[in-house]
Amino acid sequence: MSQGPRSGLAAVSSALLAMSRHLEVRDVLKTIVASARELLNAQYAALGVPDDHGGFAQFVVDGVSDKQWKAIGPLPRQHGILAAMLREARPERLADVRKDPRFEGWPSAHPEMSDFLGLPIRDGDEVIGALFLANKNCPKPDGACGFTEGDEELLSILAQHAAIALTNARLYERSRELTIAEERSRLAHELHDAVSQKLFSLRLTAQAAAALVDRDPSRAKGELQQVAALAAEAADELRAAVVELRPAGLDEDGLVATLRTQIQVLDRAHTARVTFTSHGVRALPATQEEALLRVAQEALHNALRHSGAEHVEVTLRKRGQDTVLRVTDDGGGFDPTTVRRAGRHLGLVSMRDRASGVGGTLMVESAPGKGTTIEMEAPGG
C-alpha cells in the first residue's frame, strides 16, 4: 500500500465517507478526485466522464490552480491514454506517460507529468469515467514508476466505491428532475383551471356590461366594477403561479432564506400582509427542506387565494429535535368536519403526503370565521 501521509484503513474509510456525503454529481466528482490525490500522495489527479461525441461531459481536476486550468483551454478529447482506459477498461501504470506510444501531447500550458496511474470507473459493463493520477510525491529510481502495485489496488477500491457514489448522484439528480417536472405539470393544471375560470367570468361580465350600458347605466357600472375585481383576482393567480414556478434556490440559499425571499414577494404581490420569522433552525436534509417548502407554498396558496385573510403569518422554529413550520391566517376558515371535501379543495391531502413522506406530521386547525392554522413538524434541524 501507499506510504503517503494518509495511507491505511482510516484514510480509505475517510475517503469513502466523504464521497457518500454528497448527492450532486459535480460535488461527488470533486470529492473522488481530491480523495484519490490525497490518499495516494500524488501531485495531480483528474476524473473525466465521457459523453457520446468523443469528448467529456464533465472533467474535474485537483492540484491545478484555476489560473492554470483556464490557460490549458478546452476540455480534452477522448484520445491517447484516456481513450485507452475508456475503450479497453483496464488500469494503466506508467513510469513516464510521455514515452508511451499512445501519448499524443498536451496543450502548452499543461503541467508536465511523468509517472502515471489511471483506471476506468465502471458501472457493471459500462465505463462511466476515467480516474487518473500523476507525479507521485516520492523518490523514484531511474526508469521506475513512483506508483506501486499497492497504489493500483487502493485506487481500484476507491474507483469501485466512486462508481456507486456517482451512480447514486445521477439517480438523485434524475429524481429531482422528475419531481420538478411533476411540480410544474401540477402548477400548469392549477394555473389553467384558476385563470381560465376567472377569464371566462370576466368575459361574460364584460358582455353583460356592454348590453346594459345604454338602457341601464347604473347596472352597467356595477358589472364593470365586477370586471375590475375579476381582473385583479386573475392577476393575483398569475403572480402566485410565477412565485411557485421560480426555482426555489434551496441548494444555494437553504430553506430559511428561500422562504423569506418568497414571502417577501408574496407580501408585495397581495393586499394581505404576509410575514415570516425563523427561530434557531439550521440546515436540514434536502428532502425535509423541500417538503417543508412545498407545504408552506400550499398553505400560503390557500390563505391568499381562498380565505380572504388580511394577515398571514409564517414561522419556522425548533421544537426539541424537530423543525416546526406554522402558517396561520385570519381568514374565513372552514369546518374540520368537512375535511374530506375541504382536503381536496385546499390541497390538504398532498400536504399530509409530503409531511409523512419525510417522517413528519401535519396538523390542521380551523373553524368558520376563525381563520386557519397549518402546522408541519419534521425531524431534524
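The questions and answers below concern a predicted model of one protein chain.

In this predicted model, local features need pLDDT of at least 70 and side-chain atom pairs count only at pLDDT 80 or more, while totals for chains, interfaces and linings use all residues. Residues are numbered from 1 along each chain as its sequence is written, and side-chain values use heavy atoms, with hydrogens and water left out.

Me: How many helices and strands does the secondary structure of the protein chain come to?
Reply: Helices (H or I, at least four residues) and strands (E, at least two) are DSSP runs, numbered from the N terminus. On that basis the protein chain has 10 helices and 10 strands.

Me: What share of the residues of the protein chain count as buried?
Reply: Buried means under 20% relative accessible area, exposed over 50%, and partly exposed in between (1.4 Å probe, protein chains only). The chain has 381 residues, and the buried share is 43%.

Me: Which residues lie nearest the centre of the second largest pocket?
Reply: On a 1 Å grid over the protein atoms alone, a pocket is an open set of points with protein on both sides within 12 Å along at least five of seven lines, and lining residues have an atom within 4 Å of a point. The elements giving two or more residues to this lining are β1 (42-50), β2 (56-62), α3 (66-72) and α4 (80-88). The lining has 25 residues, and those nearest the centre are Pro 76, Leu 82, Trp 106, His 110 and Phe 132.

Me: How many residues of the lining of the second largest pocket are charged?
Reply: Ala, Val, Leu, Ile, Met, Phe, Trp, Tyr, Cys and Pro count as nonpolar, Asp, Glu, Lys and Arg as charged, and the others, Gly among them, as polar. The lining divides into 20 nonpolar and 4 polar residues, with the charged ones numbering 1.

Me: Which residues form one aromatic cluster?
Reply: Rings of Phe, Tyr and Trp (its six-membered ring) pair if their centres lie within 6.5 Å; planes under 30 degrees apart count as stacked, over 60 as edge-to-face and the rest as tilted. The structure holds 5 aromatic pairs. One of them is the stacked pair of Phe 59 and Trp 69, at 6.1 Å centre to centre and 5 degrees between the planes. The cluster consists of Phe 56, Phe 59, Trp 69, Phe 116 and Phe 132.

Me: Does Phe 59 count as buried or exposed?
Reply: Phe 59 lies in strand β2 and its partner Trp 69 in helix α3, 10 residues apart. Trp 69 has 25% relative accessibility, so it counts as partly exposed. Phe 59 has 7%, so it counts as buried.

Me: What is the distance in space between Arg 98 and Glu 112, C-alpha to C-alpha?
Reply: Arg 98 is in the loop between β3 (92-94) and β4, and residues it touches include Trp 106 and Glu 112. Arg 98 and Glu 112 are 14 residues apart in sequence, and their C-alpha to C-alpha distance is 9.2 Å.

Me: Where is Asn 135 found?
Reply: Asn 135 is not a glycine, yet has a positive phi of about 60 degrees. Its relative accessibility is 11%, so it counts as buried. Asn 135 is found in strand β5.

Methods
1 Å grid on protein atoms, 1.4 Å probe; cavity = no way out; pocket = protein on both sides within 12 Å on 5 of 7 lines; lining within 4 Å. Contact = heavy atoms within 4.5 Å. Lists of a residue's contacts leave out its neighbours within four places in sequence.
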